[in-house]
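This report walks through one protein model, element by element. Look at the fold before reading on.

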Amino acid sequence: MAKDSRPSPTKSATPPLRGEVRSDIAAFVEKVGAMGRPNSGEDGRLLFALDATMSRQPTWDLACQLQAEMFRAIPKPSALQVQLLYFRGFGECRASKWVRDGEALATLMSRIDCRGGHTQIGKVFAHARSERAKQKIDAVIYVGDAIEENVDDLAEKAGQLGLLGLPLFIFQEGSDSRVEAAFRDFARLSKGAYARFDASAPGQLADLLKAVAAYAGGGKAALKLQSSAQARALLAQLP
């Protein structure tokens, strides 16, 4: 794959985690669970992709703490199926089996440690397309902080996902402006949404994960029931 001629951002250490995971979503879950859905009874499917290169360890640990929120935000009587996808090291990019509960996903994530290496976002997009050809997937979450690949190539792959009806919800840690511009473009081309979060404020990422899980289970109607600023920002970007 051709390299982007523009300089790659330098990764910096993530601030230490602070605070505890919030659990104030019971009212929202009750409302979503009671809402009728056109595909009631079907599982929502969500591909959860994370950059697991070395600087991402604090955010990986945070995601391990928060991922169960996604399962609690899915409209009932359906369940949420999540597949974990991560890259790290020298060309390593792996996908888990599809799981239906937070405990199983937490067990998978706890076995993985972050390792040095370059980003492999292209492989994430290619895997999403391959999985979409096998079965319906409602959304893809990608969490990362850098791009070390050709941005135009990635944009083309994101557009292909958009044509397949598979939106990317891209969450950026950090404030690199070049990364933000690219991430926003990938989200737009896939008909998804972009957001930035601060790993030192766990509630931000928790709200984002819950919002996409609700979308995967009940579409925009379910997302509208969330009251968080993060959910409103995502909703405003969806076509």
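Helices (H or I, at least four residues) and strands (E, at least two) are DSSP runs, numbered from the N terminus.

## Model and conventions

This is a predicted model: local features need pLDDT of at least 70, side-chain atom pairs count only at pLDDT 80 or more, and totals for chains, interfaces and linings use all residues. Residues are numbered from 1 along each chain as its sequence is written, and side-chain values use heavy atoms, with hydrogens and water left out.

## Overall make-up

The protein chain has nine helices and six strands. Of its 239 residues, 54% are buried. Buried means under 20% relative accessible area, exposed over 50%, and partly exposed in between (1.4 Å probe, protein chains only).

Contacts are heavy atoms within 4.5 Å. Take those between residues at least 6 apart in sequence: 79% join residues at least 24 apart.

## Strand S2

Strand S2 spans residues 80-88. Nine of its nine residues are buried, so the rest of the structure largely encloses it. Both faces are covered. One side carries Leu80, Val82, Leu84, Tyr86 and Arg88. The other carries Gln81, Gln83, Leu85 and Phe87.

Which strands pair with S2? Pairing requires at least two DSSP bridges between two strands. Strand S1 (residues 44-51) pairs with S2 in the parallel sense, over eight bridges. Ala49 has Leu85 of S2 as its bridge partner. Strand S3 (residues 92-99) pairs with S2 in the antiparallel sense, over six bridges. Here Arg88 stands opposite Glu92 in S3. The hairpin of S2 and S3 has three residues between the strands, and Gly89 takes a positive phi near 60 degrees there.

## Helix H6

Helix H6 covers residues 151-163, 13 residues in total. From first C-alpha to last it reaches 19 Å, close to the 18 Å expected at 1.5 Å a residue. The expected span is 1.5 Å times one less than the number of residues. The buried residues of H6 are Val151, Leu154, Ala155, Ala158, Gly159, Leu161 and Gly162. They cover an arc of only 155 degrees around the axis, which puts them on the same side of H6. The arc is that of the directions from the helix axis to the C-beta atoms. An α-helix has 3.6 residues a turn, so residues three or four places apart point the same way.

On the other side of H6, Asp152, Glu156 and Leu163 are exposed. Cover for the buried residues includes helix H5 (121-134), strand S5 (168-173) and helix H7 (177-189). At the start of H6, a side-chain oxygen of Asn150 comes to within 3.0 Å of the backbone nitrogen of Asp152. Just after H6, Gly165 takes a positive phi of about 75 degrees.

## Glu131

Glu131 sits in helix H5. Is Glu131 buried or exposed? Its relative accessible area is 7%, so Glu131 is buried. Its side chain makes a polar contact with the side chain of Trp98, at 3.2 Å. A polar contact is a pair of N or O atoms within 3.5 Å; within protein, one must be able to donate a hydrogen and the other to accept it, and residues adjacent in sequence count only if both atoms are side-chain atoms. Leaving out residues up to four places away in sequence, Glu131 touches Gln83, Trp98 and Ile137.

## Cysteines

How many disulfides does the structure hold? It holds zero. A disulfide is a pair of cysteine sulfur atoms within 2.5 Å. The sulfur of Cys114 is 8.6 Å from the closest cysteine sulfur, in Cys64, which is too far for a bond. Cys114 is buried, at 4% relative accessible area. Cys64 counts as partly exposed, at 23% relative accessibility.
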